[in-house]
Amino acid sequence: MDLNLKQRTALVGGASKGIGYAIAHLLATEGMQVALVARHAEPLAEAAQRIRDETGATVFTIAADIRLADDCTRIVAQALQHFGRIDVLVNNDGAPPLGPLQSFDDLKWARAVEQNLMSVVRLTRGVLPGMTANQWGRIINITALSVLQPMVNFGLSVATWAGVIGYAKTLSLEMATQGVTVHTICPGRIATSRLGTVFGSGQPGEVSADELAKMASGIPMGRVGAPDEIAGLVAFLASPWAAYMTGCVHHVDGGRGASLL
Ligand SMILES: NC(=O)c1ccc[n+]([C@@H]2O[C@H](COP(=O)([O-])OP(=O)(O)OC[C@H]3O[C@@H](n4cnc5c(N)ncnc54)[C@H](OP(=O)(O)O)[C@@H]3O)[C@@H](O)[C@H]2O)c1
């Protein structure tokens, strides 16, 4: 199936590794030009070179911190300057600290709002004028299954990403006649270095086989997911084949989500 994404451009956050890298790699494989964002320039440049070497795509990097308003403005400006248009925005990055809600003061809350909600608002606001002018665009937000099924210690993310779901649904209505669709993806447990930080030893890096097996026992499919399994949905949602879908929340979680919808 041809996803008909050739000649289109994507701006992908958190793209030096993990889920964002897999998304950028797959979109590049589908023939898109991709702009990759992350804070650390060196791993970002290495990731971009790997994608160029393996796909032949045009890849551009922007080292920036999406928690900062000025960086969000710069990200959009540089991507537009380089490619002339942004057809697909993938809002993806890290996440605020874990811990009991009572342990967070106003500053920690404000930072979480900047990271999880305002980055989405700012980057989306930056790309929308071009998308509406072209009558074609895709906004795809990566959040987490914990937003639909809250877990203790994940409160900063749950509360702020719940805001993203409300923002995305409202925006999907406002954009419904403009050719711009809006989606939110809620991954379950996906094998990235972050998984080790959050659920494994507490250290970033590969997750051990033992840790993976322990996590897998709580997942109906009996395994954690692969970053490519998020990327595949993003590529489909980005494609014209998904033109009649908008305002949706998708969980990609090996069946772990316990709600009926
Ligand atoms: N892995 C899972 O099981 C899982 C499950 C549910 C939800 N998620 C969510 O999915 C997203 C991606 O997770 P992942 O597992 O792929 O994480 P990851 O492997 O740690 O990758 C995170 C990426 O985001 C970049 N990043 C982090 N903070 C940033 C910031 N402030 N500004 C710009 N870039 C930033 C990182 O590069 P730099 O450090 O260089 O900036 C890196 O490229 C996160 O929001 C995570 O909470 C993950």
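**Burial, contacts and ligand surroundings in the predicted model**

Ser157 is buried, with a relative accessible area of 5%; buried means under 20% relative accessible area, exposed over 50%, and partly exposed in between (1.4 Å probe, protein chains only). The structure is a predicted model, in which local features need pLDDT of at least 70 and side-chain atom pairs count only at pLDDT 80 or more, while totals for chains, interfaces and linings use all residues. Residues are numbered from 1 along each chain as its sequence is written, and side-chain values use heavy atoms, with hydrogens and water left out. Ser157 belongs to helix H5, which covers residues 155–174; helices (H or I, at least four residues) and strands (E, at least two) are DSSP runs, numbered from the N terminus. When residues up to four places away in sequence are not counted, Ser157 touches Ala95, Pro96, Asn116 and Ala162, a contact being heavy atoms within 4.5 Å.

Thr9 is part of strand E1 (residues 9–12) and is buried, its relative accessible area being 1%. Apart from neighbours within four places in sequence, the contacts of Thr9 are Met32, Gln33, Phe83, Arg85, Ile86, Asp87 and Val88. Val37 lies in strand E2 (residues 33–38) and is also buried, at a relative accessible area of 4%. The C-alpha atom of Val37 is 5.7 Å from that of Ala15, although the two residues are 22 residues apart along the chain. Ala15 is also one of the residues in contact with Val37 once neighbours within four places in sequence are left aside; the others are Leu11, Val12, Gly13, Gly14, Ser16, Leu44, Ile62, Ala64, Ile66 and Ile75.

The ligand is surrounded by 29 residues, of which Ser16, Arg39, His40, Gly94 and Thr192 are the closest; a residue is counted here if one of its heavy atoms lies within 4 Å of the ligand. From an oxygen atom of the ligand, a polar side-chain atom of Ser16 is 2.6 Å away. For Arg39, an N or O atom of the side chain is 2.7 Å from an oxygen atom of the ligand. In the case of Ile19, a backbone N or O atom lies 2.8 Å from an oxygen atom of the ligand.

One aromatic pair is present in the structure; rings of Phe, Tyr and Trp (its six-membered ring) pair if their centres lie within 6.5 Å, and planes under 30 degrees apart count as stacked, over 60 as edge-to-face and the rest as tilted. The ring centres of Phe60 and Phe83 are 6.3 Å apart and the ring planes are at 80°, so the pair is edge-to-face. Because Phe60 is in strand E3 (residues 59–63) and Phe83 in helix H3 (residues 69–83), the pair ties together parts that are 23 residues apart in sequence. Phe60 and Phe83 are both buried.

Charged groups were found at the ring of Trp136. The charged end of Arg8 sits over this ring at 3.7 Å from its centre, where a charge sits over a ring if NZ of Lys or CZ of Arg is within 6 Å of the ring centre and within 35 degrees of the ring normal. The charged end of Arg138 sits over the ring of Trp136 as well, 4.2 Å from its centre.

The structure holds zero disulfides, a disulfide being a pair of cysteine sulfur atoms within 2.5 Å. For Cys186, which is in no disulfide, the nearest cysteine sulfur is that of Cys248, 12 Å away. Cys248 is likewise in no disulfide, and the nearest cysteine sulfur to it is that of Cys186. Cys186 counts as buried because its relative accessibility is 0%, whereas Cys248 is partly exposed, with a relative accessible area of 25%.

Asn4 is partly exposed, at a relative accessible area of 42%. Gln7, placed in the segment before E1 too, has a phi of about 75° and is exposed, with a relative accessible area of 68%.

Gln49 is located in helix H2 (residues 41–55) and is partly exposed, with a relative accessible area of 37%. From C-alpha to C-alpha, Gln49 and Gly225 are 25 Å apart in space, and in sequence they are 176 residues apart.

Methods:
Polar contact = N/O pair within 3.5 Å; in protein donor to acceptor, adjacent residues only side chain to side chain.
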